[in-house]
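Good morning, colleagues. I would like to take a few minutes to go through one structure with you.

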Amino acid sequence: MTAVAPPRHAGSTAARQLDWSLLVAVIALLALGCLLVWSATAHRPSLTGGDPQAYLLKQILNILIGVVIAVPVAMIDHRRLRLYAPACYLVVVAGLVLVLVLGATVNGSQSWIRLPGGFSLQPGEFAKVAIVVGMAVVLAERRDNARRSTRSARSDLLWALAVAAVPIGLVAIQPDLGTVFVLLVTGFGVLALAGTPLRFLAGLVLVAATAGYAAVRVGLLEGYQLARLTAFVNPGVDPEGIGYNAEQARVAIGSGGLFGAGLFHGSRTSGAYVPEQHTDFVFTVAGEELGFVGSSALLLLLAFVLWRGVRIARAAPDLFGRLLAGGVVCWFAAQIFENVGMTLGLMPITGLPLPFVSYGGSSMVACLVAVALLENVHLRGQDVAPV
């Protein structure tokens, strides 16, 4: 009698077939981010309350919360994900409305909901997930029915635009222009990946450019936002005022040289010359303390995550998976470019964290959920039994 092998457990099979190269790169970024956040805050008792490890421990907690939420997202059947998408989208939109009513204002933007225990929630970070998943659902449904008329296809495009427009509009009211930029690029990328006609995409670019120009001309931007644009166009203007952040960021990065001053030994970092260095300007810590070599390694890790995302999107078994993975890549690429670019003087200063590296609970959870979406698409392409 021939012995029958016991069936393989779906969970263990899924674990073996995860994209481990992607996970290793993300883990390396998380570890490096913890060190940079620790270095940026250890010498600031006014920020830490006298505990040099306070922000390190908080960042580790943020990561653990993100992992707990991300694991089921990666393992769930993507067909269930499509069913849950509308409810998740509505929860995010409700959060964006709530922050406009009860939110706290930080650096000119009413983007935060204060929680007990010193924690806070930034719904705008989860709007990135909502746009990726929501638009992917709408546009994939259009392609799943090949008999849909041209008129129905246009209707689906308008629905996809509406899915993106609601959170973008609510975030713009806060106002958080950095997040608006990422949401716009992400939404545009999902539309392009769905095969939207070029003339339609060109029209969207024209509308967005016209709206941005009109916002500046009619005075819809806040004073500090105009000041940031002025400092970007003319970096030498008022280096002790509106140009201070950008000037100090460039000085910190330039002082690192080839190999840097070493972790916890950066004079600009320990002297707290760069504002918001553990969040929006964390790349300056890498530039000063790890130098050109270390900061380049950080960028290579981020580039590797993007490359794996592109590979997963290309190998996706269906349009929904391709749009999910491609949308995440567009999101990460836009946010990395803006964050690093503003520290180098290549982009205007906005309040955007560096994915996986900057301190922040909402951003960390959203980024880890995005990685879970990539793994979900990858696993479905491997024909792994869903949970």
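This is a predicted model: local features need pLDDT of at least 70, side-chain atom pairs count only at pLDDT 80 or more; totals for chains, interfaces and linings use all residues.

**A helix, a patch and a loop**

Helix H15 itself covers residues 319-344, which makes 26 residues. From the first C-alpha to the last, H15 reaches 37 Å, close to the 38 Å expected at 1.5 Å a residue. How many residues of H15 are buried? The number is 22 of the 26, so H15 is largely enclosed by the rest of the structure.

I turn now to the surface. A nonpolar patch is formed there by Leu61, Ile65, Val68, Ile69, Leu115, Phe119 and Leu121, and together these residues have about 550 Å² of accessible area. Which element gives the most to the nonpolar patch? That is helix H4, residues 54-75, with 4 residues. On the spacing of such residues, an α-helix has 3.6 residues a turn, so residues three or four places apart point the same way.

Finally, Gln122 lies in the loop between S3 and helix H6 (123-144). Is Gln122 buried or exposed? With 8% relative accessibility, Gln122 counts as buried, because buried means under 20%. Beyond its neighbours within four places in sequence, Gln122 is in contact with Ser111, Trp112, Asp176 and Ser362.

Terms used: Residues are numbered from 1 along each chain as its sequence is written. Side-chain values use heavy atoms; hydrogens and water are left out. Patches are made of residues with over 30% relative accessible area and no salt bridge: like charges are joined within 9 Å, nonpolar side chains (Val, Leu, Ile, Met, Phe, Trp, Tyr) within 5 Å. Accessible areas come from the Shrake-Rupley method with a 1.4 Å probe; for residues, only the protein chains shown count as cover. A salt bridge is a side-chain nitrogen of Lys or Arg within 4 Å of a carboxyl oxygen of Asp or Glu. Helices (H or I, at least four residues) and strands (E, at least two) are DSSP runs, numbered from the N terminus. Buried means under 20% relative accessible area, exposed over 50%, partly exposed in between (1.4 Å probe, protein chains only). Contact means heavy atoms within 4.5 Å. The expected span of a helix is 1.5 Å times one less than its number of residues.
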